[in-house]
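Dear colleague,

I am passing on the structure we spoke about, and below it you will find my notes on what turned up when I went through it.

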Amino acid sequence: MSKLSGFNIEDMVNVTPLIGGEATPEPKVDQLMSKLRRLQQGKRVLEEEIKDRKSVRDSLQEELATLQTEASELEEIYKEKEEFCRNLQFQCEESEQDSDRQLKQNKKSEELLEQYRCEIQEFKLKQRKQRMRFEKQLHQLIEQHKNLHSIFTPERLPNEIENTENAKSQLISAEQLKLAQLNRLNEELEDVREQRQLGTAAADTLEK
């Protein structure tokens, strides 16, 4: 049964039959008018309800369209974030590989640097021994010169002095050659240190 604002549709069509099955008497005009007013009132109520339902339906459709739009936008954002995450993961993997390569390179540089340091220490030790030997030889030459001075005549003294100076010059030249080699090794060591610093700076840049 459908009721609208206390209005019963059955009341409009409910005609009580007469006792004994006699024909229904014609309704009075007032009753018809009253029923007509009720029908009109019910029609207005129905129209209002239909209007409200249409309004609710339109609102729901607009809300559904808005939700669908938002869902599409969220799906696009999700795809963009997913792509960004893949790219970021790829970059992280590349950074890790670069970092591993840099660590290996630094390790090799440190090993090479240690090798050069040992070679320099060994060279310094050899140079020290050579200098001590040179000083010993120089001292011996001085002693020989003193002895020769007492043995040889003054006329031969200039020749002996010249020979001694030549020997001294040779020893000095040998020492200068060793010094040049030491300077070259020091320069190579500085180059290795600079390469190591550049490698460390590059590794710091990758980590940032």
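In which helix do Arg86 and Glu82 both lie, and how many residues apart are they? Both belong to helix 2, where they sit 4 residues apart, about one turn of the helix. Please keep in mind throughout that this is a predicted model.

As for the overall layout, the protein chain has 3 helices and 2 strands, which follow the pattern β-β-α-α-α along the sequence. Of its 208 residues, 11% are buried, and the chain exposes about 17,600 Å², with carbon and sulfur atoms supplying 53% of that area.

The count of salt bridges comes to 11. One of them joins Arg86 to Glu82, with the closest N and O atoms 3.9 Å apart; Arg86 is partly exposed at 44% relative accessible area, and Glu82 is partly exposed at 34%. A second pair in helix 2, Lys126 and Glu122, is also 4 residues apart, or about one helical turn, and the side chains meet in a salt bridge at 3.7 Å, N to O.

In helix 3 (residues 157-207), Arg184 and Glu188 are likewise separated by about one helical turn, and their salt bridge has its closest N and O atoms 3.3 Å apart. Arg184 is partly exposed at 43%, as is Glu188 at 28%.

Technical notes. Residues are numbered from 1 along each chain as its sequence is written. This is a predicted model: local features need pLDDT of at least 70, side-chain atom pairs count only at pLDDT 80 or more; totals for chains, interfaces and linings use all residues. Side-chain values use heavy atoms; hydrogens and water are left out. Buried means under 20% relative accessible area, exposed over 50%, partly exposed in between (1.4 Å probe, protein chains only). Accessible areas come from the Shrake-Rupley method with a 1.4 Å probe; for residues, only the protein chains shown count as cover. A salt bridge is a side-chain nitrogen of Lys or Arg within 4 Å of a carboxyl oxygen of Asp or Glu.
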